[in-house]
2 protein chains.
Amino acid sequence: MSWTKIMECVPNFSEGRDLEKIDKIVNPFRSKEGVKLLDYSNDIDHNRLVVTVVGQPEALKEAVIEAIGIAVQLIDLNHHQGQHPRMGAADVVPFIPIKGCTMDDAIALSREVGATVAERYNLPVFLYEKSASAPHRENLAAVRKGEFEGMAEKIKLPEWHPDFGPAERHPTAGTVAIGARMPLVAYNINLDTPSLEIAHGIAKKIRFIGGGLRYCKAMGVELKERGITQVSINMTDYTKTALYQAMEMVRFEARRYGVNVVGSEIIGLVPMAALIDTSAYYLGLENFSMQQVLEARIME
Amino acid sequence: MSWTKIMECVPNFSEGRDLEKIDKIVNPFRSKEGVKLLDYSNDIDHNRLVVTVVGQPEALKEAVIEAIGIAVQLIDLNHHQGQHPRMGAADVVPFIPIKGCTMDDAIALSREVGATVAERYNLPVFLYEKSASAPHRENLAAVRKGEFEGMAEKIKLPEWHPDFGPAERHPTAGTVAIGARMPLVAYNINLDTPSLEIAHGIAKKIRFIGGGLRYCKAMGVELKERGITQVSINMTDYTKTALYQAMEMVRFEARRYGVNVVGSEIIGLVPMAALIDTSAYYLGLENFSMQQVLEARIME
């Protein structure tokens, strides 16, 4: 049972339509010791495949390297059309520390994978987010700007020299961004107002760029069929900015408009600790340790 | 990683002093495939050993049978003194369904263990709690009344015939109670009053026997060094009576006395779901599923 270290990886591949190819790309994550495929979903409009996998770092590393190799072999970006921006067959590969490993471990792992795939597949690799070698490479959108087509020239600029591999776009597989980041929690808070202006006004006050919470991105969204709106939030580091902080802050900002919170929702996966931390806040738990959580002990 | 089914067992043995014997009794739970020893603690005054172990049902069953055998061999109740009531070398053995298994599975497992230890060690077995064969055998205190000494005669009464094994007390190892129950959560809520009367008054209103919550036992306790009191609670089925219900009920009962809740604490282990459920309540989560919890997915 014991995986003392758990790393997550959410690789994105530029193939959302050909189920046979998708199956081959996902295959390295199946029935492998030390690797557990949690989810994969392909989007036809985006023409993109998103895989969610966890594993022991070494086993996960090997599986990710293998999957990138298969994607490089099967996907030709010259013939790729889709709504989602993309620059490579394996487009972006983030590593996320979950348990028993640190951000530094995730950065080290991303560098090892980058070095290996560059050499083995002759693929240019950009390190991004926490793994970035320079501040202008942290943001994925900045790295990917110009996409596959533009990368032919962009990669030759000194400031866009890849971190690993040749300074030349792979003819069919393009380039890949590999990096490390914290788990994201997609968290939406519903308001009893149909006013998008109010929802967005609240979002602007609670988000980092508006002077709000350090690890919080937010925007207003309409839920037309329900006649209400929501503050749609991305929590970028739940260990530092907690879910309950976003909730309580939306609650007190909403008061300004005479608006109330009517519920909230978590989209996709959430680490247990994000919810337990929130529970500990509302119960006012004293001297609580995650070591008291049965499942945390079982997973040790 | 995958344990699709997880059962917990918290066997209590009547040896809290001889570390060599304790080590031998605990040993079957160590480094065994499919079994994970979470905790064990011996109390010298109680002269008692409490083991907390989880495992896949079959593997756990074998380990528990082995440990009971060792306790029967090593412990002589004729020479046992301690503050805690006891009737056997292995005194009480509850099985607790944790994941992927039901109360019925736990009951079935308790019966299998009971039948095996009765036959193998010539040990009389009482099924108790959810496994009880009659209502008067559900409560452990009722089964154990008279303890080792009194059991010599009690076991001959028709209404106290054991469920398995001979209707005769084992000469040195006595008798054992084996059963199934839900996980207990020990949860205390602190009040800003030194009045034990108030704490106990609140406890009486929230607990089942006083007309309160179905799966809640409670009493008032003084925290003398802090000059406050607490409502000390045992949640006997957190899947039906939630932690937040106890908290909110203590809060509104405390208002009657002009008293406030100043915090709470969880003693020992707590299943992840008990805290996540509470978090979901306070955040007003819509459409939330435990399948969204990363660790729940990893443990699948």
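A helix here is a DSSP run of at least four residues, numbered from the N terminus. Keep that in mind for one pair I'll show you. This is a predicted model, by the way.

Look at helix H2 of chain A, residues 57-74. Lys61(A) and Glu58(A) form a salt bridge there. Their closest N and O atoms are 3.6 Å apart. Over all chains, the rule counts 26 salt bridges.

Now zoom out to the whole of chain A. UniProt, in an unreviewed entry, puts a "Formiminotransferase N-terminal subdomain" at residues 5-182. That stretch of chain A is 33% helix and 24% strand. Its end C-alpha atoms are 15 Å apart. From the unreviewed UniProt entry we also get a "Formiminotransferase C-terminal subdomain", at residues 183-297 of chain A. Here the numbers are 35% helix and 26% strand. The end C-alpha atoms of residues 183-297 lie 21 Å apart.

Next, the two chains together. How is chain B laid on chain A? Take a turn of 180° and a shift of 0.0 Å along the axis, and the RMSD is 0.0 Å. That is the relation of a two-fold axis.

So what does the contact look like? Chain B gives 46 residues to it, and chain A gives 47. Of the interface residues of chain B, 100% are also interface residues in chain A, so the copies meet through the same surface.

How much area do chain B and chain A bury between them? About 4200 Å², with 64% of it on carbon and sulfur atoms.

Let's go through the contacts across that interface. The rule finds 2 salt bridges between chain B and chain A. One of them joins Glu286(A) to Arg226(B). There the closest N and O atoms are 2.9 Å apart.

Which elements of chain B supply at least two residues each to the side that touches chain A? The strands are E1 (6-9), E3 (35-43), E8 (185-191) and E11 (261-267). The helices are H7 (243-255), H8 (272-283) and H9 (294-298). H8(B) has the largest share, 7 residues.

Last point, the classes. The side of chain B that touches chain A has 27 nonpolar residues, 10 polar and 9 charged.

That's my tour. Questions, please.

Terms used:
Residues are numbered from 1 along each chain as its sequence is written. Chains are lettered from A and ligands numbered from 1 in the order in which they are written. This is a predicted model: local features need pLDDT of at least 70, side-chain atom pairs count only at pLDDT 80 or more; totals for chains, interfaces and linings use all residues. Side-chain values use heavy atoms; hydrogens and water are left out. Copies are superposed by least squares on the C-alpha atoms of residues with pLDDT of at least 70 in both. Contact means heavy atoms within 4.5 Å. Buried area is the accessible area (1.4 Å probe) that two parts lose on being put together, summed over both. A salt bridge is a side-chain nitrogen of Lys or Arg within 4 Å of a carboxyl oxygen of Asp or Glu. Ala, Val, Leu, Ile, Met, Phe, Trp, Tyr, Cys and Pro count as nonpolar, Asp, Glu, Lys and Arg as charged, and the others, Gly among them, as polar. UniProt positions are given in the numbering used here, feature names are shortened, and annotations may be inferred rather than shown by experiment.
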